Amino acid sequence: MTRATETISIALLLSSLYLAAYLRLIPFPEKIQEEIIPVLPFWGLVSFGAYLLFSLGWGIVTFRDTEEAYKELVVEIETAKRELRGKGVDVD
């Protein structure tokens, strides 16, 4: 099973469980049914956003510069400058 198929399957499963709870097909206490179940999609969206922000921050914190990548980038920049100068663009 591909990752996309797995993700879609999990999303459909969670959506059907939420719909069954929202339509009161799955019995819950009244307080949970009226106060928690309706806001679960928003809670899930906020939690997913927080996870993505954490993942992005963690990637930035653990990012390691390498000397080889720096040198390669400088060479690419110089090559691009030469090509642009050849076309008459002022890059300085």
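## The largest pocket

In this predicted model, the largest pocket has a volume of about 460 Å³. Its lining is made up of 14 residues. Those that lie nearest the centre of the pocket are Ile10, Ala11, Leu14, Ser15 and Gly44.

Sorted by class, the lining holds 9 nonpolar residues, 3 polar residues and 2 charged residues. Rolling a probe the size of a water molecule over the atoms is a way to show where empty space is left.

## Helices around the pocket

Which helix gives the largest share of the lining of the largest pocket? That helix is α1, with 8 residues. Both α1, which covers residues 3-22, and α3, which covers residues 40-61, supply at least two residues each to this lining.

## The chain as a whole

The protein chain has 4 helices and 0 strands. Read from the N terminus, the order of its elements is α-α-α-α. The radius of gyration of the protein chain is 25 Å, whereas the globule rule gives 12 Å for 92 residues, so the chain is more spread out than a compact globule.

The box filled by the C-alpha atoms, taken along the principal axes, is roughly 70 × 30 × 25 Å.

## Surface and burial

How many of the 92 residues, as a percentage, count as buried? The figure for the protein chain is 4%; a residue counts as buried when its relative accessible area is under 20%.

The accessible surface of the protein chain is about 8,400 Å². Carbon and sulfur atoms account for 68% of that surface.

Note on methods:
Residues are numbered from 1 along each chain as its sequence is written. This is a predicted model: local features need pLDDT of at least 70, side-chain atom pairs count only at pLDDT 80 or more; totals for chains, interfaces and linings use all residues. Side-chain values use heavy atoms; hydrogens and water are left out. On a 1 Å grid over the protein atoms alone, a cavity is a set of points where a 1.4 Å probe fits but cannot get out, and a pocket is an open set with protein on both sides within 12 Å along at least five of seven lines; lining residues have an atom within 4 Å of a point. Grid points are joined across faces, edges and corners, and a volume is the space filled by probe spheres set on the points. Ala, Val, Leu, Ile, Met, Phe, Trp, Tyr, Cys and Pro count as nonpolar, Asp, Glu, Lys and Arg as charged, and the others, Gly among them, as polar. The radius of gyration is taken over C-alpha atoms; the globule rule is 2.2 Å times the number of residues to the power 0.38. Buried means under 20% relative accessible area, exposed over 50%, partly exposed in between (1.4 Å probe, protein chains only). Accessible areas come from the Shrake-Rupley method with a 1.4 Å probe; for residues, only the protein chains shown count as cover.
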